[in-house]
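Take a moment to look at the sequence and the 3D structure below. Then let us walk through them together, one piece at a time.

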Amino acid sequence: MPERDWMAAQFEEHRPRLRAVAHRMLGSLGEADDALQDAWLRIDRADTSGVENPGGWLTTVVARVCLNLLRAREARREEELAADRIPAAAARAVDPEEEVLLADSVGLALLIVLDTLAPAERLAFVLHDMFQVPFDEIAPMIDKTPATTRQLASRARRRVKGAPAPTADASRRHRVVHAYLAATRGGDFDALLALLHPDVVLHADRAVVPTPEPVLVRGARPVAEGAMASLGRARSAALVLVDGEVGMAMLEEGRLRVLLRFAFDGDLIREIDVVAEQEQLRKAQVAVTEG
C-alpha cells in the first residue's frame with residue numbers, strides 16, 4: 001500500500017480518538033472538526049516513512065494544532081479585554097444535538113472549567129489525565145521538561161477538582177441551583193417561581209444582553225420570566241463552583257461566556273448575579289462541583 005494511502009487509513013482508524021482529543025482540547029465540536037481537517041492537511045504533506053506508532057504520532061499532530069488554536073484564542077481574549085469588546089460566536093455547521101450529546105458525555109462542567117486553564121495547562125491535563133499520554137511525550141509540544149509538564153498537569157488538576165469541604169448548607173444550595181437549572185431547561189415556570197424569594201434581585205452586567213448599562217430586575221415573577229427567555233442558553237449550562245460557591249456557567253462554541261452567582265435566604269434564591277464581562281470571567285475561580 002502506498003505510504004499516503006496507509007496514513008490515510010490510519011487517520012480514519014484513529015479518527016474517533018483524535019476527535020475526542022480535539023473536542024476536549026477546544027470544547028467545541030465545530031472547532032474540533034476544523035482542527036482535524038487542519039491536522040490532516042499537515043499530515044498529508046509530511047514525510048511519514050519513519051512513523052512507527054501512528055496512533056501516538058497522529059495524536060501529537062492533532063494536539064499541536066489544538067495548542068496553536070488555544071494560543072490564538074488566548075490572544076483574541078486579550079484583544080477583547082483590552083478593547084472592552086463583546087466576543088461574537090462563530091457560525092459553524094454543527095448539529096446542535098450532537099454537540100449537546102457529546103458535551104454531556106464528557107461533562108459540560110468539565111469543558112467549562114477546562115476553558116479557564118492556560119493552553120499549556122489544558123494540553124498537559126487533557127493528554128495525560130484523559131488520554132494517558134506520558135509526560136515525556138507531552139513536554140516537547142510545549143517546550144517544557146517532563147517535570148515542568150507534570151507540574152502544569154497537577155496545577156490544572158487542582159483547578160478542575162478544587163471543591164471545598166461539603167457542608168449541609170452547601171448541599172442544600174446545590175440542590176436549589178440544580179432545581180433552578182432543571183426548571184429553566186424544562187421551561188417549568190411554576191417550579192422556577194417556587195425557588196425564588198418574592199423579593200429576589202437579579203443583576204446582569206452590560207455584556208449579558210448586551211445593553212448600554214447593567215440590568216437590574218426585582219421580583220420573583222419578572223426574574224422567572226427572564227430566565228424562561230434564556231432557554232437556549234440553559235441547554236449549554238452546568239453547575240460549577242464559582243469562587244468556592246455553587247453557581248452556574250454557560251459554554252458557547254467552547255468558550256465560557258456567562259457565570260451565575262447566587263445568594264440565598266434559607267432554601268430560596270434571594271439574589272442572582274449574571275456575569276459576562278471578559279475581565280470578570282477571567283478573575284473568577286471556576287471548578288467542577290460534585291454536589
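Which residues are buried in H11? They are Ala 220, Val 223, Ala 224, Ala 227 and Met 228, where buried means under 20% relative accessible area, exposed means over 50%, and partly exposed lies in between, using a 1.4 Å probe and protein chains only. These residues cover an arc of only 140 degrees around the axis, which puts them on the same side of H11; the arc is that of the directions from the helix axis to the C-beta atoms.

Before going on, please note that this is a predicted model, in which local features need pLDDT of at least 70, side-chain atom pairs count only at pLDDT 80 or more, and totals for chains, interfaces and linings use all residues. Residues are numbered from 1 along each chain as its sequence is written, and side-chain values use heavy atoms, with hydrogens and water left out.

Now for the whole protein. There are 13 helices and 7 strands; these are DSSP runs numbered from the N terminus, with at least four residues (H or I) for a helix and at least two (E) for a strand. Of the 291 residues, 45% are buried.

Back to helix H11, which spans residues 220–228. This helix lies across strands E1 (196–204), E2 and E6 (268–275), and runs at about 55 degrees to E1. Such angles run from 0 to 180 degrees between N-to-C directions, with axes fitted as lines to C-alpha atoms, for helices over the stretch in contact. The buried residues of H11 pack against E1, E2 and E6, and also against helices H9 (168–186), H10 (189–195) and H12 (231–234); contact means heavy atoms within 4.5 Å.

The strands that H11 lies across, E1, E2 and E6, belong to an open sheet of 7 strands with mixed pairing, in the order E2-E1-E6-E5-E4-E3-E7. Strand E2 (215–218) and E7 stand at the edges with a single partner strand each, so one side of each is left without a neighbour in the sheet. From one strand to the next, the twist averages 30 degrees.

Let us look closely at E3, residues 237–242. All 6 of the 6 residues of E3 are buried, so this strand is largely enclosed by the rest of the structure. In a regular strand the side chains alternate between the two faces of the sheet. In E3, Ala 237, Leu 239 and Leu 241 point one way, while Ala 238, Val 240 and Val 242 point the other way.

E3 pairs with E4 (residues 245–252) in the antiparallel sense over 6 bridges; two strands count as paired if DSSP finds at least two bridges between them. Ala 237 has Met 250 of E4 as its bridge partner, and Leu 239 has Met 248. The two strands form a hairpin with 2 residues between them, and Asp 243 in the turn has a positive phi of about 55 degrees. E3 is also joined to E7 by 3 bridges, again antiparallel, and here Val 242 is partnered by Val 286.

Finally, visit helix H8, residues 146–160. Thr 149, Leu 152, Ala 153, Ala 156 and Val 160 are buried there. Seen down the axis of H8, the buried residues fall within an arc of 95 degrees, so they line one face of the helix. On the other side, Arg 150, Gln 151 and Arg 158 are exposed. The buried residues of H8 pack against helices H5 (108–114), H6 (119–131) and H7 (135–138), and against strand E7 (286–288).

Notes: Expected span 1.5 Å × (residues − 1).
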